[in-house]
Amino acid sequence: MKKLSSMPESPSAPPVQRNWWVYVVLILVCVVNFLPYLRVVMTGFMDGATSSSATPIWFFTPSLEAFDYLIFEKGIMKNFFNSVVVSLASTFFSVTIGMFCAYALARYDFPGRDDVSFWVLTNRMMPPVAVLIPIFVTFQTAGLLDTLLGLIILYTAMQLPFVVWMLTGYFRDIPRRYEESAMVDGDTWFAAFRKVTLPIMAPSITATAIFVMILSWNEFAFATFLTSNQAKTMPPAIMAYSIGADIKWNVLGAAVVLITAPLILFVLLLQRQLISGLSQGVVRK
Amino acid sequence: MADLQIENLAKAFKGGFTALNGVSLDVADREAVFLLGPSGAGKTTTLRLVAGLEDATAGRIMIGGRDVTRWTPRERNLAMVYDKHSLFPHLTIYENLAYPLRIRKMSDADIRRQIASVAETLQIEKLLERRPNQLSGGQQQRVAIGRALVRDADVFLLDEPISHLDAQLRARMRVEFKRLQRDFRATMLYVSHDQLEAMTMADRIVLINKGRIEQIAAPQELFDRPATLFAATFIGEPPMNVMQAVISESNGCRFLRIGEAYIEVDKDWMQDGEALRPGDKYLLGLRPQHLSLCPADSTHACRVNGTIFAVETLGSRVVFDIDVEGTVIRAMSTIDAALKYPRTIGAPISFRIDPDFVYLFDADRGRTVRQARFTTRGKARLHA
């Protein structure tokens, strides 16, 4: 029989694998994703002739012609402002209302709860265009056509199901015991919700809000049909200004820069929040 | 501190599931009462009802003489400790401890003083600036207890607060809990499924099964004089041996047959108390601790012969699982005594039964009809 050594030895950790090819793939994916956008941004800084030339031109003298046209001639900053107001307000309302709906669905057992949560989901299954005409008529009757208020109401209603659906899952992941502890400690239900559940939920709520804001910011179909002058938001404005008898490519490019820049800045600033919020409940257990 | 009384408490959940059915118990001021039972017995439901986190279907809850059945949790002035998730992850330990005090609008200076004294008792002073996820399980539990201790709660409710810790830490926390409960003169209702916890820490144990109370007794009493078959088999490790009782009579003596052996039992013991009806089925119970191994050739009258079915080594003790005509009976022996006996499976082995250590149960109703005779003997000696 083999004599045992005095100290039992644990097997050493497996060697760390360095998969360089993973990075090659990642860089490739980045380039493929980023190039079209780069091209669009470049187009935005071209003058009219350069941008509409038949062969792509890679080296050119930058010009602010398109931006000048959009901002001073067409006054796109008004549309920009409309977009900011509509998306911020609709995000605020949909997240606030949706938060309470989600909380109720996650925490309380009432008759028809599953039906309600399924119905909430089915709302997103229908293509929005299917209700375009009825909504147009409703807006016409209510005098909401071409108003910011109308868009805010519509977007809030559109985003609610998404908010409710996302947040219900996150609320379910937060043990009820936190609130119960607070309540036994002497809090009312609402104080417990505000001081314990909400802070724990903050990353998830932020992530959901960012998602919803992006959706509202980029919404095109309803904005096109329901606004004309006063309340026109960025997406229909871009279309109206850049596409006429022919497509003004440099104007389109400049408009794309204007519409995406705030989003990119915003997401870069809140990147950490966004990622931790989306992965909450997946990692933690 | 205050006492707690529960009268006829019942709870039925949606869908008709009855979690509790007519539970009555009381916890005296400064007493540590344990709710013990298997999972799903209704222990935690009882605790949640007392805390006000669930509404009772029927019954009354009284704290300090006041009926609190319809009160909200915050009005009841209780403190609760869970197994986990008692601490708020987004607050530092200090803020966690300060949470109940801030609700009571205590001044910052008072809060600091209060927390300092509790932190010292629990030895968590160094942890105050950290967050719950930076603490080990034992530290977290200590902070959770601290949160209950910082304020003057009338009753402490503990829901398996240490059951998820490792065995070593659990043993230490058991002692700590007991000491804290004495120091703080706390009225304590403690839920546990671990009989060791209950036996070591409780003043009294409330044994619950299927939403009903099986027995309320002090730990030793519960072990020695179980009121029901469930109590007898749930308490004790390894569990009590239970088998069909075959009672026979000859020459005015009563015998219990186990295997080929006839164990003579005391006639008075058989006759006193509730009459045994010949048609009814009875079960007899033997604790593994009360059986002693003996050589197969000994001439003891109460010897039972069998073969070894399995041997469980516990370090300081050895449990022999002995096959006696198809029934496996466990006998526990000290390691020294076990040395004399074979351990190969199938080897013949014998053990002795002391008739004073035999319990008798009603098989249909699950009640104890005869407590082991040694328990009454002990009582007689005490009274004498």
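Of the 384 residues of chain B, 51% count as buried, where buried means under 20% relative accessible area, exposed means over 50% and partly exposed lies in between, with a 1.4 Å probe and protein chains only. This is a predicted model, in which local features need pLDDT of at least 70 and side-chain atom pairs count only at pLDDT 80 or more, whereas totals for chains, interfaces and linings use all residues. Residues are numbered from 1 along each chain as its sequence is written, chains are lettered from A and ligands numbered from 1 in the order in which they are written, and side-chain values use heavy atoms, with hydrogens and water left out.

**The two chains**

Chain B has 12 helices and 22 strands, whereas the secondary structure of chain A comes to 13 helices and zero strands; helices (H or I, at least four residues) and strands (E, at least two) are DSSP runs, numbered from the N terminus. For chain A, the radius of gyration is 26 Å, well over the 19 Å that the globule rule gives for 285 residues, so chain A is more spread out than a compact globule. That radius is taken over C-alpha atoms, and the globule rule is 2.2 Å times the number of residues to the power 0.38.

The table sets out further values for each chain. Its areas come from the Shrake-Rupley method with a 1.4 Å probe, and for residues only the protein chains shown count as cover.

| Chain | C-alpha span along principal axes | Accessible surface | Share from carbon and sulfur atoms |
|---|---|---|---|
| Chain A | about 90 × 60 × 30 Å | about 16,800 Å² | 71% |
| Chain B | about 80 × 50 × 45 Å | about 17,700 Å² | 49% |

In chain A, 39% of the 285 residues count as buried. Among its contacts with a separation of 6 or more, residues 24 or more positions apart account for 75%, and the corresponding share in chain B is 66%; contact here means heavy atoms within 4.5 Å.

As for charge, the mean positions of the 19 positive and 16 negative charges of chain A are 10 Å apart, while those of the 52 positive and 48 negative charges of chain B are 3 Å apart. Lys and Arg count as positive and Asp and Glu as negative, with His and the chain ends not counted, and the place of a charge is taken as NZ of Lys, CZ of Arg, CG of Asp or CD of Glu.

**Strand β9 of chain B and its partners**

Strand β9 of chain B (residues 204-209) is mostly covered, five of its six residues being buried. With strand β3 (residues 32-36) of chain B, β9(B) pairs in the parallel sense over four bridges, and in this pairing B:Val33 stands opposite B:Arg204. With strand β10 (residues 212-217) of chain B, β9(B) runs antiparallel and is joined by five bridges, B:Asn209 standing opposite B:Arg212. Two strands are taken to pair if DSSP finds at least two bridges between them.

β9(B) and β10(B) form a hairpin with two residues between them.

**Backbone exceptions elsewhere**

Most residues other than glycine have a negative phi, and most peptide bonds are trans. In the loop between α4 (108-122) and α5 (137-149) of chain B, B:Gln123 has a positive phi near 55° and counts as exposed at 60% relative accessibility. The peptide bond from B:Glu237 to B:Pro238 is cis, with omega near -5°, and B:Pro238 has its place in the loop between α9 (229-234) and β11 (241-244) of chain B.

Helix α8 of chain A (residues 177-184) is mostly covered, with seven of its eight residues buried; among them are A:Tyr178, A:Glu179, A:Glu180 and A:Met183. Just after α8(A), A:Gly186 takes a positive phi of about 125°.

B:Lys84 lies in the loop between β6 (78-81) and α3 (93-103) of chain B and is partly exposed, with a relative accessible area of 43%. Not counting residues up to four places away in sequence, B:Lys84 touches A:Arg177 and B:His164. The C-alpha atoms of B:Lys84 and B:Ser192, which are 108 residues apart along the chain, are separated by 14 Å.
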